Amino acid sequence: MTDPHAPADVDAAPAADPGAGYQVLARKYRPASFKDLIGQEAMVRTLRNAFAADRIHHAFVMTGVRGVGKTTTARIIAKGLNCVGPDGTNDRPTVEPCGVCEPCRAIAESRHVDVLELDAATNTQVEKMRELLAGVPYRPADARYKVYIIDEVHMLSTSSFNALLKTLEEPPAHVKFIFATTEIRKVPVTVLSRCQRFDLRRIDPETMIAFLDSIARKEGARIAPDALALIARAAEGSARDALSLLDQAIAHGGGEADAEQVRAMLGLADRGRVLDLFEAVMRGDCAAALAELGAQYAAGAEPLAVLRDLAEVTHWISVVKISPQAAEDPAIGPDERARGLELAGRLGQPSLLRMWQMLLKALDEAAAAPNAMMAAEMAIIRLTHVATMPTPAEIMRRLDAAPQPGAPAPSGGPGGGARPAGAASAGHAGAPAGGAAAGSAAPAQRAGAAPQAAARAEPAALSDAVAGLRSFDDVVALIRARRDAKLLVEVETHVRLVSYQPGRIVFEPAPEAPPSLAADLAARLQAWTGARWVVAVEGSGGGPTIRERRDAERRDLHAALMRHPLVGAALELFPGAEIREARAFDAGGDDPGALAPLAPAEDEAPDFGDADWDDWDPVDRYEE
């Protein structure tokens, strides 16, 4: 059974059978009529009007979360359909069942022969449905209508739903179907289309607190308002859950309970202490946050409950930041409300969103961890570590505001100066003056035009990352460390270095250099070092590329080997043999006979650790 609700206007508790055992509040105060239902005004109004106009549908489906009144409403409808009044003279359905006639009492006690309540979880087979439908054509034995109440109807099998369809569409006039479910999406649309649907709402906190207060007074218990607010929040809109918690609170406090007792009963941390922990996390004070977490754990709070409370506070402050009126929650005290408004005004939405995402992950980790407290402590350490870190937007703003390398100065000649062709920085994507692409200098520039302006452009301030790249070899090593294979091959094959200093590179491109090489190099260096680089293209004056130097070294080594008498003798002994690869002697090694590789062959990938080189595009290997 589901969904207890109690009448808020009953002056005394219902009379109990002295011989019966204790009846829990969820059953003792179960609504007996439409006027006793709370929080479902829209549904009650519709049903009242339908009964008054004699427009009662033959099938209803009630959906909603647990404990909001689905099965209770089904019973009230069944009583209204069959009530005959206290004197037995009522001959038509009524919206106000009397509750004292034999049909009303029998339905309330689940013993009426013509009102069948079934649990779909235990009657899911199609054979059970066939047995049920076999009695549909027969008129009720002792009532005005035969009513079938099927709880958790979504658990019926597909065959059971199919067997029900025809009868549900055109039932006899004396039959009514009432379904209840918490999983409306699992009910076939063919069934829903034959029913009148009612979505029962969660009970709002104000109504729930007033409802619980009335029940506590009827029971002669004194429950503090803030304790009732804690119960209402923990019930999450379910009247049955709220009454069960109220029952437990009354027993826990011996008829009296305050917020501290209810908090201890629920395993919750004090809301104010949760806000203290939240503030310590958001200001990055890891020691204070861990100390507060440990204190709450020692006081009885569960680590998972603390993390859930932090997530709830994060969500609440995020919503309050967008809509301040959301702070006017009756389940939240005035002090907490004031602190929440202050935090919402001080904290940024990106930081709150980041904390929310990390808390969701922390909850999963803590639930799966062998020790929830350890997982919670590690989550707090992570949260405090990132709390003071800038967001990506802040990082971009700081980069834009940071001192930038100086732009090329105009020359003092007549008509003004022009930016050197091919000069590029990460901020300009390598676009040269006159529309020529970086790395594809004009013929006149290749012939020897000197980049006077670029030569005078000095970085205004060098970061540590830039200053650490003292030579162009350091730049190549950085590209290799970053595992950018394409850029590494282009730099080693097409860059003829003219001059280098940290923050500025001037090079002559090889004939087949990609037009975007300067722009790509500048963009990558800016991304890796956090500073703008000036990468200029010169028409002449560059030295050999790294590949050309390696090829020259191989040729020299090959020539030296060919002059060696032992090599000559070996070639004479093996006609047709040739030297395919030569490696320099490693004089510093432990093994004097060992040969160290001079450099990787051109069809071999540079050493990037465990990188995957399935897509490596080798350049032609030099062979002799």
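Leaving aside its neighbours within four places in sequence, which residues is Ile317 in contact with?

**View 1. Contacts of Ile317 and the largest nonpolar core in this predicted model.** Once neighbours within four places in sequence are set aside, the residues in contact with Ile317 are Phe278, Gly340, Leu343, Ala344 and Leu352. The largest nonpolar core holds 35 residues, of which Phe278, Leu307, Leu310, Ile317 and Ile380 touch the most other members. Two or more residues are given to this core by each of helix H12 (271-282), helix H13 (286-298), helix H14 (303-322), helix H15 (334-346), helix H16 (349-368) and helix H17 (372-387), and H14 supplies the largest share, 8 residues. Another core, which lies apart from this one, has 31 residues, including Ala216, Ala227, Ala232 and Met265.

**View 2. The salt bridge between Arg339 and Asp276.** The closest N and O atoms of this pair are 2.8 Å apart, and because Arg339 belongs to helix H15 whereas Asp276 belongs to helix H12, the bridge ties together parts that are 63 residues apart in sequence. Arg339 is partly exposed, with a relative accessible area of 25%, and Asp276 also counts as partly exposed, at 36% relative accessibility. Both residues take part in a network of salt bridges that links Asp276, Glu279, Arg339, Glu342 and Arg346.

**View 3. The salt bridge between Glu365 and Arg382.** The side chains of Glu365 and Arg382 meet at an N to O distance of 3.0 Å, and the pair links distant parts of the chain, with Glu365 in helix H16 and Arg382 in helix H17, 17 residues apart. Glu365 counts as partly exposed at 30% relative accessibility, as does Arg382 at 29%.

**View 4. The salt bridge between Arg496 and Glu548.** Here the closest N and O atoms are 3.0 Å apart; Arg496 lies in strand S8 (residues 495-501) and Glu548 in helix H25 (residues 546-563), so this bridge ties together parts that are 52 residues apart in sequence. Glu548 counts as partly exposed, its relative accessibility being 29%. The count for the model comes to 30 salt bridges.

View 5. Cys98 counts as partly exposed at 26% relative accessibility.

**View 6. A nonpolar surface patch made by Ile395, Met396 and Leu399.** The patch covers about 260 Å². Leu399, one of its residues, lies in helix H18 (residues 392-401) and counts as partly exposed, at 34% relative accessibility.

Terms used
Residues are numbered from 1 along each chain as its sequence is written. This is a predicted model: local features need pLDDT of at least 70, side-chain atom pairs count only at pLDDT 80 or more; totals for chains, interfaces and linings use all residues. Side-chain values use heavy atoms; hydrogens and water are left out. Patches are made of residues with over 30% relative accessible area and no salt bridge: like charges are joined within 9 Å, nonpolar side chains (Val, Leu, Ile, Met, Phe, Trp, Tyr) within 5 Å. Accessible areas come from the Shrake-Rupley method with a 1.4 Å probe; for residues, only the protein chains shown count as cover. A salt bridge is a side-chain nitrogen of Lys or Arg within 4 Å of a carboxyl oxygen of Asp or Glu. Helices (H or I, at least four residues) and strands (E, at least two) are DSSP runs, numbered from the N terminus. Buried means under 20% relative accessible area, exposed over 50%, partly exposed in between (1.4 Å probe, protein chains only). A nonpolar core is a set of buried Ala, Val, Leu, Ile, Met, Phe, Trp, Tyr and Cys residues joined through side-chain atoms within 4.5 Å. Contact means heavy atoms within 4.5 Å.
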